[in-house]
Amino acid sequence: MDKLAIYGGEPIRNIYLSYGKQTIDQEDIESVVKVLKSDYLTTGPNISEFERKVAQYVGVKYAVAVSNGTAALHTACYTAGISEGDEVLVSAVTFVASSNCVLYCGGKPIFVDLDPKTYNIDVNKIEEKITSKTKAIIPVDFTGQSVDMDKILEIAKRYNLVVIEDAAHALGSEYKGKKVGTIADMTEFSFHPVKPVTTGEGGVIVTNSKEYYDKMMLFRSHGITRDSELMTEQHGPCYYEQVDLGYNYRITDLQCALGISQMRKLDSFIGRRREIVKMYNDAFKDLEEIEIPFEAKFSNSGWHIYVISLNLDKLSVGRKEIFEALQKENIGVNIHYLPVYLHPYYQKLGYKKGECPIAEDLYNKIITIPLFPAMSNDDIKSVIDGVKKVINYYKNWVLYRYINLYLIKEKKIWMKKWLL
Ligand SMILES: Cc1ncc(COP(=O)(O)O)c(C=O)c1O
């Protein structure tokens, strides 16, 4: 058995491989440089072009680009009319932004437990959390896999809820053959560097509603308009009015130029992600100590991240030890995510442990391993070898345990050290 790097053995890789990373080429660089040499670094033509590209790709009427995915979610919540006292249902395991956006508007996030197979919101547990105060639902396409949108829309229709899909992970993913973004009232995408494509920081909300679109355009820029139909007075071409309270959530032309260039590569990036996932699935499917990700029939995921789940009763250590051992092998692992309501801030707000048992159980078992389009086949092989090395080492072998106990009992500590 190979000695683990954490115990002084040779790491499986010499160089640390991060769990996710942008893929930038010369064309991307030249696009940004071109903007740097132009008149507009912000509020210029690249913004609407980027919005057009995203809307066209997804197949929707409108796209509003903002400074990041979190701002996009805030914009969507505001536009949905979330305010003081409103309740919004949110998937329990997600990045905090999915529910912070509700708090920004004075609303209260209500967390819904997960489907134990997909790790997405459990559509069968939504209705029991709906009250007279529920105004919206924010399902999250965790790892890139779409939530079961037909079921969510059916519930939303019955209870008159706005659906804001958090598709930060899922640009390019599909639900029943339709692109994610075409179904919910509003759908948010993130363009952070580890996401399917990047603008550095950036977010987009897509919608087919003109009413939502107009409201979002105001919100992202201070609530200011130059539209004569919305203004109370006319003082000439430079005149504008603030007609609502908004923010400066504008994205720059530099970011959008990068985004336009990156959008051309989105399908090839997703193709490569799918290839890597297939290699991982083939390598891990027969290891009984881990479960590979489950993909529902209705989904065609773009695979933002690859999350394995540990079968802890088949291992002699917990998630923490496996995580640390993989890191020492120079494999960049991550955890997506602590159930949101377990964060200290949410605990201070009064949320209690035990609210979503499946989410809490899952948190103790999951590890995200590296996945990004620029990974070489050698990188992929090293991740597979590293995972196997660590899992094999910590296998809960009855015989191995027996030998171990025997060596301790016989005080053959030197031999145990050598074995370990
Ligand atoms: C599920 C989810 N929602 C929202 C966000 C927020 O996106 P951003 O980082 O662009 O603000 C993220 C980012 O990691 C995310 O993973």
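**Labels and their grounds**

W303 is found in the loop between β13 (299–300) and β14 (306–310), where strands are DSSP runs of E with at least two residues and helices are DSSP runs of H or I with at least four residues, numbered from the N terminus. The model is predicted, so local features need pLDDT of at least 70 and side-chain atom pairs count only at pLDDT 80 or more, whereas totals for chains, interfaces and linings use all residues. Residues are numbered from 1 along each chain as its sequence is written, and side-chain values use heavy atoms, with hydrogens and water left out.

Q: Why is W303 called buried?
A: Buried means under 20% relative accessible area, exposed means over 50%, and partly exposed lies in between (1.4 Å probe, protein chains only). W303 has a relative accessible area of 7%, and therefore it is buried.

Q: What is the phi of W303, a residue other than glycine?
A: Phi of W303 is near 55 degrees, a positive value. Most residues other than glycine have a negative phi.

Q: Why does P237 count as exposed?
A: P237 counts as exposed because its relative accessibility is 84%.

Q: Why is G107 called buried?
A: G107 has a relative accessible area of 9%, and so it is buried. G107 is found in the loop between α4 and β3, and it is 26 residues from K133 in sequence and 9.7 Å from K133 in space, C-alpha to C-alpha.

Q: What makes T118 count as buried, and where is it found?
A: T118 counts as buried because its relative accessibility is 10%, and it is found in the loop between β3 (108–112) and β4 (134–138).

Q: What does the side chain of T118 reach?
A: The side chain of T118 reaches the backbone nitrogen of N120 at 3.1 Å. A polar contact is a pair of N or O atoms within 3.5 Å; within protein, one atom must be able to donate a hydrogen and the other to accept it, and residues adjacent in sequence count only if both atoms are side-chain atoms.

Q: What makes helix α3 mostly covered?
A: Nine of the eleven residues of α3 (residues 69–79) are buried, among them G69, L73, H74 and C77. At the start of α3, a side-chain oxygen of N68 reaches to within 3.1 Å of the backbone nitrogen of T70, and the helix is followed by G81, whose phi is positive, near 85 degrees.

Q: How many residues surround the ligand, and which are the closest?
A: The ligand is surrounded by 16 residues, the closest being G69, T70, D166, S190 and K195, where a residue is near a molecule if one of its heavy atoms lies within 4 Å of it. Helix α3 gives the most to this shell, with three residues.

Q: Which peptide bond is cis, and what is its omega?
A: The bond joining H336 and Y337 is cis, with omega about -5 degrees, and Y337 is found in the loop between α9 (319–328) and α10 (344–348). Most peptide bonds are trans.
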